[in-house]
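Trainee: I have a structure to go through with you. Can we take it in short questions?

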2 protein chains.
Amino acid sequence: MNSSLVGILREAAEHDEIEGVYGALFGIQGMLDEVLIDLEREDPTTIQGLSRTPAAALGSCRYRLGAEDCERALEILKAHNVRYFFYVGGNDSAETAHRIAQLAQDRGYELYAISLPKTIDNDLVETDHCLGYGSVARFVAIATMDASRDTEAMRLLEPIKIIEVMGRDAGWVAAAAALAKKSEEDAPHLIYIPERPLIPGQFLEEVQRVYRQFGYVVAVMSEMVKKEDGTLLVVPDEGPEKDPFGHPRPSSPARFLCWLIRSELGLRARFDKPGTIQRTAMAYASSTDLEEAYLAGRMAVRYALRGESDCMVTLVREPSDSYRCSTGLAPLAKVANALKTLPDEYINPEGNFVTEAFLEYARPLIGEPLPTYARLRQVPVERRLS
Amino acid sequence: MNSSLVGILREAAEHDEIEGVYGALFGIQGMLDEVLIDLEREDPTTIQGLSRTPAAALGSCRYRLGAEDCERALEILKAHNVRYFFYVGGNDSAETAHRIAQLAQDRGYELYAISLPKTIDNDLVETDHCLGYGSVARFVAIATMDASRDTEAMRLLEPIKIIEVMGRDAGWVAAAAALAKKSEEDAPHLIYIPERPLIPGQFLEEVQRVYRQFGYVVAVMSEMVKKEDGTLLVVPDEGPEKDPFGHPRPSSPARFLCWLIRSELGLRARFDKPGTIQRTAMAYASSTDLEEAYLAGRMAVRYALRGESDCMVTLVREPSDSYRCSTGLAPLAKVANALKTLPDEYINPEGNFVTEAFLEYARPLIGEPLPTYARLRQVPVERRLS
């Protein structure tokens with residue numbers, strides 16, 4: 001998030017047409033409230049430091065624009081003579097940028113609006129991948145390696161581990177765990193994603209098969225994997241579905257699966273749900289991701305100055321033996337409200353793992369090679385007792 | 001864990017009295033089954049790599065020795081002419097080593113048994129701190145910094161974050177989050193530990209106070225914080241306490257507190273429960289912790305060769321302006337089954353944070369300085385609209 005902001009600021013500083021750069025706190029919500037800050041009055045060392053600072057320095061929101069909001073946003077842009085509008089985020093952000101761009105055009109206000117494809121969910125269409133995905137993929141792969149060693153060491157006590165990661169509509173984040181696997185025994189052994197239903201009986205068979213083979217099991221799953229009938233995986237008889245304010249009870253498929261394994265197989269299972277750490281852990285940031293975010297920021301400014309508008313910067317994988325990424329443009333109308341799930345060729349026929357094609361796609365995105373851990377050969381000492 | 005093993009192996013290689021080094025897989029459980037491996041037949045690069053490999057390379061167990069088990073263990077040691085016995089772990093491991101040392105002495109078998117104080121819980125007596133604690137403390141501090149930025153950025157949507165960390169009987173792990181705090185506004189704002197009861201009404205007041213002041217709240221808590229009457233914090237009406245196998249339903253105080261905040265304050269709250277990642281994330285390992293583990297391994301061998309037995313290596317903080325750590329010895333009888341909780345002078349009077357004295361204690365243990373993140377000054381742009 002912040003690296004793309006740094007790219008925008010650096011590029012903007014190189015062009016006389018741009019006389020100042022404002023930031024809207026909490027995205028469009030701050031803009032509607034006219035809460036703008038002057039980014040040129042920030043210290044250069046602060047800007048430099050942003051590249052290694054997690055979470056959006058300008059704040060974030062999830063706000064769907066009403067018709068009046070769009071008018072208000074345009075009014076604010078006019079009042080401050082803003083001619084270039086950059087918006088960083090996923091689907092909803094693309095929609096926001098699109099509607100503002102459209103209204104400006106309808107009203108004859110000269111505005112160049114460009115969005116940047118930043119979502120760890122990696123579910124935007126038209127772009128090879130999204131900013132943020134390489135870093136979360138790196139986190140998930142390393143967390144799986146670490147959890148695997150932990151589960152292996154503790155397997156006499158608690159041999160089953162389920163890791164529940166983000167991804168409500170698409171399995172990109174969970175799929176990245178597969179990058180941790182170097183040999184057949186290595187975790188993850190199973191991956192469950194929203195693109196395929198989870199069938200409890202089949203799941204239990206798969207867990208049992210891996211358990212018999214290796215003595216422990218590590219499975220990685222998306223937070224919104226559902227049953228065949230589209231319902232959520234929840235532990236039965238756990239009380240009201242909603243709290244007094246009408247918020248739904250937080251569900252966790254991993255919690256359900258641990259309950260299922262204990263109940264049906266009598267095996268001890270535990271789950272990890274890393275939560276927001278997966279999207280903020282700067283220690284796992286992918287150098288490739290950081291570089292591409294910076295590049296996308298710079299290119300967004302150049303595209304706008306070239307007269308492009310109502311577009312999203314896309315990341316383009318160059319046809320080449322080694323990985324190379326450049327940028328392109330896609331109309332926001334195509335991006336807003338569309339969703340890119342894992343294509344069939346990235347999912348194995350059993351629906352419980354990814355294919356080599358996915359690994360080839362994801363591997364270059366995570367930056368430096370994954371760490372290598374030592375493994376003892378374990379040469380047995382000859383027994384002397386019965 | 002593995003760094004202390006490396007220390008043991010390196011030191012053992014330097015002494016002719018030691019003719020070979022065996023490892024028991026899964027600790028005492030492997031020993032009882034006579035599943036031993038010959039550690040001298042491992043590749044030197046494997047041993048080197050162990051220092052940066054998470055989780056016990058020899059495997060782990062939680063097994064309480066019966067009287068017959070002790071006899072059996074002694075039989076195995078005799079059969080393989082084992083004269084030096086090193087055992088790495090917490091309370092229960094100290095107890096195991098103690099009982100084997102005692103039996104050997106009773107039976108006149110010459111054995112030198114030394115344990116190493118490794119538990120991320122940091123709850124062993126007689127030692128300044130435990131191996132593993134510096135690394136988990138570093139993880140918790142950085143995870144809190146990261147979660148804080150995330151919550152701050154998302155505060156219009158979900159302003160309350162609770163991080164639930166390990167520590168069943170003592171609050172050392174949760175307390176370490178305080179290392180993340182540099183200014184009053186910085187997270188963590190509140191810390192809850194098992195040494196103090198959590199009073200729901202008071203908790204809600206504290207959350208509301210911080211929320212009014214900063215617009216968001218990050219609280220860190222131990223997994224087993226309880227109410228004043230000693231009962232667990234569980235969401236009411238959530239179904240049976242035990243599953244069909246009699247395993248207790250996993251409780252999570254953070255889950256309860258999120259429910260409480262939503263129900264009573266109507267604010268959106270979410271919790272992160274990092275799970276086993278906190279004890280395995282090698283990316284956050286403290287260099288000080290790794291060095292001390294290696295040192296403790298080497299010293300354990302030297303103490304044994306010097307004729308010490310039935311003792312635990314202790315970490316001793318030298319009286320000095322800057323942090324320096326050496327080692328000492330404590331009788332296992334004093335360590336086994338004892339528990340070191342946070343002393344009163346490390347806890348603030350309100351029972352919801354730690355004191356400067358704790359910070360001075362913990363700060364040197366986490367190795368390199370924590371990362372610094374940039375923060376925008378946010379110079380406002382003058383409003384032009386109402």
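Mentor: Four bridges join strand E5 (residues 160–165) of chain A to E8(A), and the two run parallel. Two strands pair if DSSP finds at least two bridges between them. Strands (E, at least two residues) and helices (H or I, at least four) are DSSP runs, numbered from the N terminus. This is a predicted model: local features need pLDDT of at least 70, side-chain atom pairs count only at pLDDT 80 or more, and totals for chains, interfaces and linings use all residues. Residues are numbered from 1 along each chain as its sequence is written, while chains are lettered from A and ligands numbered from 1 in the order in which they are written.

Trainee: Which residue in E8(A) is the bridge partner of A:Ile162?

Mentor: Look in E8(A), which runs parallel to E5(A). The bridge partner of A:Ile162 there is A:Phe271.

Trainee: Which strands stand at the edges of the sheet in chain A?

Mentor: Four strands form an open sheet in chain A, in the order E6-E7-E5-E8, with parallel pairing. Each edge strand has a single partner strand, so one side of each is left without a neighbour in the sheet. The edge strands are E6 (190–192) and E8 (269–272) of chain A.

Trainee: Which element supplies the largest share of the side of chain B that touches chain A?

Mentor: 71 residues of chain B are in contact (C-beta atoms, placed from the backbone, within 7 Å) with 71 residues of chain A. Helix H4 (67–79) and helix H6 (133–153) of chain B are among the elements that each supply at least two residues of that side. The largest share, eight residues, comes from H6(B).

Terms used. Two residues are in contact if their C-beta atoms, placed from the backbone, lie within 7 Å.
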